[in-house]
2 protein chains.
Amino acid sequence: MRVVVPFAAETPKTRLDDVLDADERDGFALAMLRDVLDAVRDAGEEPEVLATAPVSVDAPVTVDDRALTPAVNAVLEESGGEATATGKMEPVAVVMADLALATPEALGRLFDAGGDVVVAPGRGGGTNALVVREPAFRVDYHGASYLDHRRAARDVGAEVTVVDSHRLATDVDTRADLVEVLLHGGGRARAWLETAGFELAVTEGRVGIARR
Amino acid sequence: MRVVVPFAAETPKTRLDDVLDADERDGFALAMLRDVLDAVRDAGEEPEVLATAPVSVDAPVTVDDRALTPAVNAVLEESGGEATATGKMEPVAVVMADLALATPEALGRLFDAGGDVVVAPGRGGGTNALVVREPAFRVDYHGASYLDHRRAARDVGAEVTVVDSHRLATDVDTRADLVEVLLHGGGRARAWLETAGFELAVTEGRVGIARR
């Protein structure tokens, strides 16, 4: 299985601009990416990074400065194109780089799930992780991509499996998502937040974050 | 296994007051409760409701007007008390009434998980569902109860298992949670929202809700 981790190397995580400055967002995004690469490896696969610009990580990096959808579809086309002779393709997994809660167990459930297209929905209707075994399937990450991907799979006659995981549903985009990293994360991303002074703060029975 | 579904029958779901009026919140909360009861039954268990006031549902209802924590602990004490002679207790599951995404499969993973205390964390650090097999364990739902429950379990020597489920992590409290019901829900709660005129609305690539 190919495991591709797309990474927006330039100005990542802009929706965290209320809590992190631009350099911090760079550092935190890189910490999350490295955690995801570790989790993929610990789940028994070799990750490759698909980045919009060069990035220094311990994995092969392909630079493609296009938007997420065409860049991922180029990978699917490449892997699916090789399949046309045999009718089969090497499965391609696409795992987002901001899944700071991803564990080898959660990714293992994704990789091991049956189905031509396996989807781990993100909170809010996105697609946080995918496995594609159907050469005709293409992605479209705009909008409610979870529903669109189910529809696209149906349109090419592909059977869909959905992975029900809070860890994989949690892409870290906003301040509220940092709470999840401090609650459930275990790697560099959590350590990064702690070093930067973040901690859980319980106010009126609700859990938020505070920064020292 | 006893499966207890606590239900705040009076003024439920106040954090939805920006999108639903008081009568609507009552109706929507009841729709979610009934969905949860169905899902518990379809997972092979017989649910009982622990409500702050009488409520009309197709399941036995115990009225206890205390706060959630003492009311649930009274149930645990009752079930655990019977255990002191034998050292074992009938497992008690506590499943929140606002888990509108709960499916028999997701609840089955909870009920079937090993461990003296099984926790399904809610987004934001709450405890959305629990299974208790350790008579000395007590709940405290205030604040970051997921962390507190792990600590409380450790304190009584109980082994903890965590269930990683987006469906069980999604308690429906706020407007953003309604998006999840429209994306992933399938029962009365989703039908209630649709009848009330709610639909998904994609704006600038992000998914929200709109009301006709």
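In chain B, seven strands form an open sheet of mixed pairing, in the order β3-β2-β1-β4-β6-β5-β7, where strands (E, at least two residues) and helices (H or I, at least four residues) are DSSP runs numbered from the N terminus, and two strands pair if DSSP finds at least two bridges between them. The model is predicted, so that local features need pLDDT of at least 70 and side-chain atom pairs count only at pLDDT 80 or more, while totals for chains, interfaces and linings use all residues. Residues are numbered from 1 along each chain as its sequence is written, and chains are lettered from A and ligands numbered from 1 in the order in which they are written.

The edge strands of this sheet in chain B, each pairing on one side only, are β3 (61–63) and β7 (160–162). Between β4 (residues 92–95) and β6 (residues 127–132) of chain B the pairing is antiparallel and extends over four bridges, with B:Val95 standing opposite B:Ala129 of β6(B).

Helix α1 (residues 22–42) of chain B packs on the sheet and touches β1 (2–7), β2 (47–51) and β4 of chain B, its direction making about 175 degrees with that of β1(B); contact requires that the C-beta atoms of two residues, placed from the backbone, lie within 7 Å. Angles run from 0 to 180 degrees between N-to-C directions, and axes are lines fitted to C-alpha atoms, for helices over the stretch in contact. Helix α4 (residues 145–155) of chain B lies across β5 (117–121), β6 and β7 of chain B and runs at about 170 degrees to β5(B).

Because 100% of the interface residues of chain A are also interface residues in chain B, the copies meet through the same surface.
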